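Me: I'd like to go through a structure with you, a bit at a time. Have a look at this one and then I'll start asking.

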Amino acid sequence: VYRDVSRIVTDQNTHRIVVAGQQLSEGFTYGGSNGLNLPLPTPESGDTNDEGIFGDHLYDCSSLCPASTATTNITQTITDVFGGTTYTLTPNLLVYACGNITVDGN
Amino acid sequence: MNRYLYTLFLLLAVSQGTRLSPTGSEAQPSSELNRIRLTSNHVTPLQVIVRIGVDKRLPIGIVFGPQPTLCSEQASLTVDAANFEEAFSQILKGTGYSVQIQNGVYTLLAPDVTEHEASLLAYRFDRFSAVNSTLRAAGALLGGYIMVAAEGAKGFAGDSPYRLSAKRFDIQLQSATTTQIANHIVSLGGKGIWVFRPVKATAAGDESSIQIYGYEDNAADLERLACM
């Protein structure tokens, strides 16, 4: 299963940071169960457009699918190089299942 | 890799191949107009190869071996070649790497490619399918295919951030090897480079053996491209 989402970085007051060229790098750890026996994703990088938005292409594949109702929960931590400063963003929970993938419950 | 920005002194003189008028009295052969000439100081062969790929939008594959010979800095590197194959051969001189051309993709092969690497590159998949993927995401997906189909992993998960303006593709291939799939991907859109490395075991599991970088969308990653 795969899913494309558009995401934006916000500040501590949840205000959107509408700035292009923010350099985003990610890291992963298990955030709970690994019911689908998935290895952690290989970290990649990306950057934001003029609206401060970046795309995220998520996908999974497990030999337990499609029958299993289990999930693999992975914590994604993004670092954002913005204005010469590196910020570690609040971690996100990625939940991979056979039929869908969610980001922080969405 | 930032040193790359400061120390690379690259004079890439590649004519656009403009033909002289047929009435001209001293028409030069087009092969002369297309010669590739460059001089670089304090660079690695890998940096020059990537630079040529970026500048000329040349689809490239690199099969690294255990030894990082492509990343040995050279005080001076000069190329004067009639075509890209010859240019790469000159750049690779002394590294032991060889050049192959398959369907327009220039593949650089390490002299010490492991048997396991060779078998993974030749592994034939019944089908490969990527939907709405950037070149890089398609490469990550191919890495997942390799882990599951060829190396016995029970699954894979991926997350590929991308610039919203990045070109995305639907890819459907049947009965294709890893190399054929990678070659197809780097020939799409603005072209790119695939790199294949000996698989490294990490605490979190095996790292993906293949990565793909698009020239248009992954320039920063290409500047940081390393041999290991």
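Me: How many salt bridges are there between chain B and chain A?
Reply: Bear in mind that this is a predicted model. One of the bridges joins Glu44(A) and Arg136(B), with the closest N and O atoms 3.4 Å apart. Between chain B and chain A the count is two salt bridges.

Me: Which element gives the largest share of the side of chain B that touches chain A?
Reply: The elements giving two or more residues to that side are S7, H6 and strand S8 (155–162) of chain B. Eight residues, the largest share, come from S8(B).

Me: What kind of aromatic pair do Phe125(B) and Tyr145(B) make?
Reply: Phe125(B) sits in strand S7 and Tyr145(B) in helix H6 of chain B, so the pair ties together parts 20 residues apart in sequence. Their ring centres are 5.8 Å apart and the planes are at 70°. Over 60 degrees counts as edge-to-face, so the pair is edge-to-face.

Me: Is Tyr145(B) buried or exposed?
Reply: Under 20% relative accessible area counts as buried. Tyr145(B) has 18%, so Tyr145(B) is buried.

Me: Which residue of chain A belongs to the aromatic cluster with Phe125(B) and Tyr145(B)?
Reply: The cluster also takes in Tyr123(B), Phe128(B) and Phe156(B). The member from chain A is Tyr59(A).

Me: And what sort of pair do Phe82(A) and Tyr87(A) form?
Reply: Phe82(A) is partly exposed at 27% relative accessibility, and Tyr87(A) is partly exposed too, at 40%. The ring centres are 6.3 Å apart with 50° between the planes, and the pair is tilted.

Terms used
Residues numbered from 1 in each chain as written. Chains lettered and ligands numbered in written order. Predicted model: local features only at pLDDT ≥ 70, side-chain atom pairs only at ≥ 80, totals over all residues. Heavy atoms only, no water. Phe/Tyr/Trp six-rings, centres within 6.5 Å; stacked < 30°, edge-to-face > 60°. Buried < 20%, exposed > 50% of the residue type's maximum accessible area, 1.4 Å probe, protein only. Helix = DSSP H or I, 4+ residues; strand = E, 2+ residues; numbered from the N terminus. Salt bridge = Lys/Arg side-chain N within 4 Å of Asp/Glu carboxyl O.
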